[in-house]
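Morning, everyone. Let's look at a new structure together. Here it comes.

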Amino acid sequence: MGKVLVIGAGGVGTVVIHKMAYLPDVFTEIMLASRTKSKCDAIAAKIGSNRIKTAQVDADNVPELVELINSYKPDLVVNVALPYQDLTIMDACLETGTAYLDTANYEPKDEAKFEYKWQWAYKERFEKAGITAILGCGFDPGVTSIYTAYAAKHHFDELHYLDIVDCNAGDHGKAFATNFNPEINIREVTQKGKYWENGQWIYTEPHEIHKPLNYPEIGAKESYLIYHEELESLVKNYPTLKRARFWMTFGQEYLTHLRVIQNIGMAGIEPVMYNGVEIVPIQFLKAVLPNPGDLGKNYKGWTSIGCRIKGLKEGKERTYYIYNNCSHEAAYRETGTQAVSYTTGVPCMIGAMMYIKGLWKKAGVFNVEEFNPDPFMEQLNIHGLPWVELHNMDLEL
Ligand code: NDP
């Protein structure tokens, strides 16, 4: 049915390739390209079929990307490298007339800030070229945005209050590790908190607002208000929202390590000179921290991510909670990765499937909630991320 080029051979890329390889009728040809070709070869060898082609590419380099895309001629480029590469890959897609999908919004390397403005600025060019760009198709952003679209379509006339709740109750047995790329992860969780209320953004100190929330099958976990990128597109696409917030659980041990890392300057993104060589502290830190892709083996427990929503249906106030629980052990048994890579890679594959099947195909740049959520939701149940709905319950928020 379709030919895909996946860029990025990390934890998420591993899951995307595993899942695509199971579906030869949809993904008839697959290529995995990354900065380090040996990592692509190792993933392809583990899957074992000869269906996965591999290539080396520097995704910061547009001419290199254009050359690869022109030689392979995919229908869709799936970007699971880092957010720094979003714009160069979008440029290469425009130049070659190829559709684009990613899981995280663009971040400039020299500024710890994520905003959609850089990618939304491509809208007209993608429209004129007649090609599709699908932004933020992981779990959060991704499934959380699609849960919101599904709730708006089937359960509410107006969404008023949205709280996205992300709990990782897993234990990897390490004193400190991040669950996805440490540089991106630490930049995300150490920035100021931010949420939407009554038509404006409210800012907080990092981790200033927190409270225990109960997660299904897990129990109470201290949850911290942080800023997360899907809030930006959701408040734009659902203007009836009076408030939109994002909560993430952190253990005390994790927060203590994070505080020390920040206080001693190891989370810095400005280069420093060391023995005559320029190094970026957070990039050096990444080099000494455990590789998130290797955490899976001893990871035990669950992730639980969902949306808690309050709004109106036929004039009456309703509450609604939709979530998925994913087991780290089960994710590891299936793909050799932990649940954070799994919960990102599965929706990314499903988004690619939606495009290849022609179900999510229109010219322009779109966040996932702008497409029909129904066929995507069906596939979540089939491919390892089943969802549960609770109605008219106490949202605790
Ligand atoms: P990893 O660091 O494990 O993998 C990133 C991969 O991209 C590595 O293989 C790396 O190559 C490759 N890469 C980096 N720079 C380049 C480049 N210039 N050219 C080519 N390849 C490059 O990250 P993850 O797999 O954990 O995360 C992948 C993406 O998924 C990130 O953008 C992350 O933000 C996003 N994400 C989204 C989530 C969601 O729910 N929406 C949740 C978790 C992650 P090398 O191996 O050589 O370093």
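Start with strand β6, residues 132-135. It pairs with β17 in the parallel sense, over 4 bridges. Strands here are DSSP E runs of at least two residues, helices are H or I runs of at least four, and both are numbered from the N terminus. Two strands pair if DSSP finds at least two bridges between them.

A word on the source. This is a predicted model: local features need pLDDT of at least 70, side-chain atom pairs count only at pLDDT 80 or more, and totals for chains, interfaces and linings use all residues. Residue numbers run from 1 along each chain as its sequence is written.

Back to β6. A133 stands opposite V365 in β17. L135 has N367 of β17 as its bridge partner. Strand β5, residues 99-102, runs parallel to β6 and is joined to β6 by 2 bridges. There, L101 stands opposite I134.

Now the faces. In a regular strand, side chains alternate between the two faces of the sheet. Buried means 20 or more other C-beta atoms within 10 Å of the residue's own, with C-beta atoms placed from the backbone.

Zoom out to the sheet. It is open, has 7 strands with parallel pairing, and the order is β3-β2-β1-β4-β5-β6-β17. β3 (52-56) and β17 (364-367) stand at the edges with a single partner strand each, so one side of each has no neighbour in the sheet. From one strand to the next, the twist averages 20°.

Next, domains. Domain 1 is 2-135, and domain 2 is 143-336 + 384-391. These bounds come from an automatic or database domain assignment. Their centres, taken over C-alpha atoms, are 24 Å apart. The contact takes 14 residues from domain 1 and 13 residues from domain 2. Contact means C-beta atoms, placed from the backbone, within 7 Å. On the domain 1 side, helix α1 (residues 11-21) gives the most, with 4 residues.

Last, the core. The largest nonpolar core has 108 residues, and V6, I7, V16, L32, V78, A151 and A352 touch the most other members. Such a core is a set of buried Ala, Val, Leu, Ile, Met, Phe, Trp, Tyr and Cys residues joined through C-beta atoms within 7 Å. Which helix gives the largest share? Helix α13, residues 339-356, with 12 residues. Domain 1 and domain 2 both give residues to this core, so the core lies between them.

Definitions and conventions:
Two residues are in contact if their C-beta atoms, placed from the backbone, lie within 7 Å. A residue is buried if 20 or more other C-beta atoms lie within 10 Å of its own, exposed if 12 or fewer, and partly exposed in between; C-beta atoms are placed from the backbone. Axes are lines fitted to C-alpha atoms, for helices over the stretch in contact, and angles run from 0 to 180 degrees between N-to-C directions.
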